[in-house]
Amino acid sequence: GNSVTQMEGPVTLSEEAFLTINCTYTATGYPSLFWYVQYPGEGLQLLLKATKADDKGSNKGFEATYRKETTSFHLEKGSVQVSDSAVYFCALSPWAGSYQLTFGKGTKLSVIP
Amino acid sequence: DAGVIQSPRHEVTEMGQEVTLRCKPISGHDYLFWYRQTMMRGLELLIYFNNNVPIDDSGMPEDRFSAKMPNASFSTLKIQPSEPRDSAVYFCASTLSGQGAGQPQHFGDGTRLSIL
């Protein structure tokens, strides 16, 4: 079946530090990959996505590259801010006509001044 | 454009009471999803609809849970009778099909349910 594994949190970083949150997936075929972010008291919001191998999704300084050879979609940001404190979810949609998402367990990020 | 709207935002009720959660998807979206989020289990898909028809309800925990979508702009998730272990944040999400790969789901802000 389809599954997403992301690094356990919580992660605590100082402001301006480099961020990596690892995500690997298992899926048959050619899934689309997503990162969602959840701020306190809110629902999940799409952060970025990639739909095919070697695609790079980017938004708000965050990036992730779809690596089919390593079945990975790691989230990175060069310099985090306090406002990036949130829970980050990696997710996949198994094929183009499927609208159901499989989510990882989430990684809580806290950025301290 | 308005996003996914859920009501109420918070609900506190006593065990055994009926609870009804409501969701208005984004206009024009044809898929609607109900999720439950807890610290222990994370984010769980309960049920989803396509064009108002339930497609997969395998995530509904037991017969106390039921969901309906009487029209394209409204869905309910009902728990009867409620139990303390149902305490969680319940999210509704919607999406539009036919837009190619990578179509994201759009989430509401959730209903925080506490069963005493």
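A:Cys23 is buried, with a relative accessible area of 1%; buried denotes under 20% relative accessible area, using a 1.4 Å probe and protein chains only. A:Cys23 forms a disulfide with A:Cys90, at an S to S distance of 1.9 Å; a disulfide is a pair of cysteine sulfur atoms within 2.5 Å. This is a predicted model, in which local features need pLDDT of at least 70 and side-chain atom pairs count only at pLDDT 80 or more, whereas totals for chains, interfaces and linings use all residues. Residues are numbered from 1 along each chain as its sequence is written, chains are lettered from A in the order in which they are written, and side-chain values use heavy atoms, without hydrogens and water.

**Disulfides**
- Over all chains, the structure holds 2 disulfides.
- The torsion about the S-S bond of A:Cys23 and A:Cys90 is about -70°, so this disulfide is left-handed.
- A:Cys90 is also buried, at a relative accessible area of 1%.
- B:Cys23 is joined to B:Cys92 (S to S 1.9 Å), and the torsion of about -65° about their S-S bond makes the disulfide left-handed.
- B:Cys23 is buried at 1% relative accessible area, and B:Cys92 is buried at 0%.

**Interface of chains A and B**
- In chain A, 17 residues are in contact with 23 residues of chain B, contact meaning heavy atoms within 4.5 Å.
- A:Leu44, A:Tyr99 and A:Gln100 lose the most area to chain B in chain A, together 38% of what that side buries; buried area is the accessible area (1.4 Å probe) that two parts lose on being put together, summed over both.
- Between the two chains, about 1,600 Å² is buried, with carbon and sulfur atoms giving 58%.

Key
Buried < 20%, exposed > 50% of the residue type's maximum accessible area, 1.4 Å probe, protein only.
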